[in-house]
Amino acid sequence: MELLNLIQEQLLKSADITSVIANRLYIGEMATLKGVQFPCINIELNPGALIEKLPGYAEHYFRMWVWGKTRDSSDGVYGAVMSEYHNMTITADDLSVRANINEVSRPIYNYDPTVESYFLMARWRAFLITI
Amino acid sequence: MGIQITGLDGVRRELKAYEKALYKNATRAMTAVVEDLAKAVQENIGLTDHTLEDLKNMGHPYALAHPANPHSPEYSVHNQGGTLKESIESGVEIQPGMGALGRDIIVGYVGANENKCRYARWVITGSTKMISRDFLTETMDIERDDLEKKFKDEM
């Protein structure tokens, strides 16, 4: 299982997150996605930021965007992500991979008038272990 | 009857002098590191191989319609009018009492002044129409090992 699929699978287990975004957690940059509905989260690996440490062990950086109709809404969802997943180890349901994930840069806020949505972008790191 | 230990004042003076020298060296090292990082950032936002006309003819490669970034590293940014390049600011400052046990800390920074370039935030975060190119943190990632080595060497 790929890292982003693992994160998607695990974040969608949080009732605090899905109560707002349902299952709308997309993989990819927003500008490359089609048929997106809001509010939502999208995640993408940082280009070129994979650092192989040892066989079966790698360090990745990824970005997370959280979109909402208000800044409070996106902040609330991100707060749930932080409280449940920051510095936490997540394991795939099929036990194939495990990752410790943590926020490394505080969010940058913005507003996209095209979709009338506030969003934030934060940078995370994952220590990925292939089991 | 007792034992008298002398020399505490001298030790304190030595420690104070050592601390002062440490801050001086660390400030110099941080300044050197920040200069290197600012230079690397400037290089990564200084592409001149495509004009606006070229990018238009390429179908706006950073946009939704044709998300095919023509560059590596992917966070590189073209220099058109020079606004973004001119907005890059860097420096070193001492923040009194902000460190552990109330010690001063030395902070180096490289960033884009949004008062000089209002679209800098958009380039970094991206949008529904434009891919993100976080030229600041991505440059930091790439340069991190060299910067750490430089800091140690300068110290």
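## A buried residue in chain B

B:N44 is buried, with 20 other C-beta atoms within 10 Å. Here a residue counts as buried if 20 or more other C-beta atoms lie within 10 Å of its own, as exposed if 12 or fewer do, and as partly exposed in between, with C-beta atoms placed from the backbone. You can find B:N44 in helix α1 (residues 8-44) of chain B. Although B:N44 and B:E143 are 99 residues apart in sequence, their C-alpha atoms are 12 Å apart in space.

## How to read this model

This is a predicted model, in which local features need pLDDT of at least 70, side-chain atom pairs count only at pLDDT 80 or more, and totals for chains, interfaces and linings use all residues. Residues are numbered from 1 along each chain as its sequence is written, while chains are lettered from A and ligands numbered from 1 in the order in which they are written.

The predictor's confidence in each residue is called pLDDT and runs from 0 to 100. Chain A has a mean pLDDT of 91, with 95% of its residues at 70 or more. For chain B the average is 83, and 77% of the residues score at least 70. For the complex, the predictor gives an ipTM of 0.86 and a pTM of 0.80.

## The overall build of chain A

Three helices and seven strands make up the elements of chain A; these are DSSP runs numbered from the N terminus, with helices being H or I of at least four residues and strands being E of at least two. Along the sequence, chain A reads α-α-β-β-β-β-α-β-β-β. Its radius of gyration is 14 Å, close to the 14 Å that the globule rule gives for 131 residues, so chain A is as compact as a globular protein of that length. That radius is taken over C-alpha atoms, and the rule is 2.2 Å times the number of residues to the power 0.38.

The C-alpha trace of chain A spans about 45 × 30 × 25 Å along its principal axes. Of the 131 residues in chain A, 32% count as buried.

## Strands side by side

Which strand is joined to β4 (residues 57-68) of chain A by 12 bridges? The partner is strand β7 (residues 117-130) of chain A, and the two run antiparallel. Strands pair if DSSP finds at least two bridges between them. Within β7(A), A:A122 stands opposite A:M64.

β7(A) also pairs with strand β6 (residues 97-112) of chain A, in the antiparallel sense over 13 bridges. In β7(A), A:I129 is the bridge partner of A:R98. The hairpin of β6(A) and β7(A) has four residues between the strands, and there A:E116 takes a positive phi near 50 degrees.

## A helix with two sides

Now look at helix α3 (residues 71-85) of chain A. The buried residues in α3(A) are A:S74, A:V77, A:Y78, A:A80, A:V81 and A:Y85. They cover an arc of only 145 degrees around the axis, which puts them on the same side of α3(A); the arc is that of the directions from the helix axis to the C-beta atoms. An α-helix has 3.6 residues a turn, so residues three or four places apart point the same way.

The face of α3(A) turned away from the buried side carries the exposed residues A:D72 and A:S83. After α3(A) comes A:N87, with a positive phi near 65 degrees.
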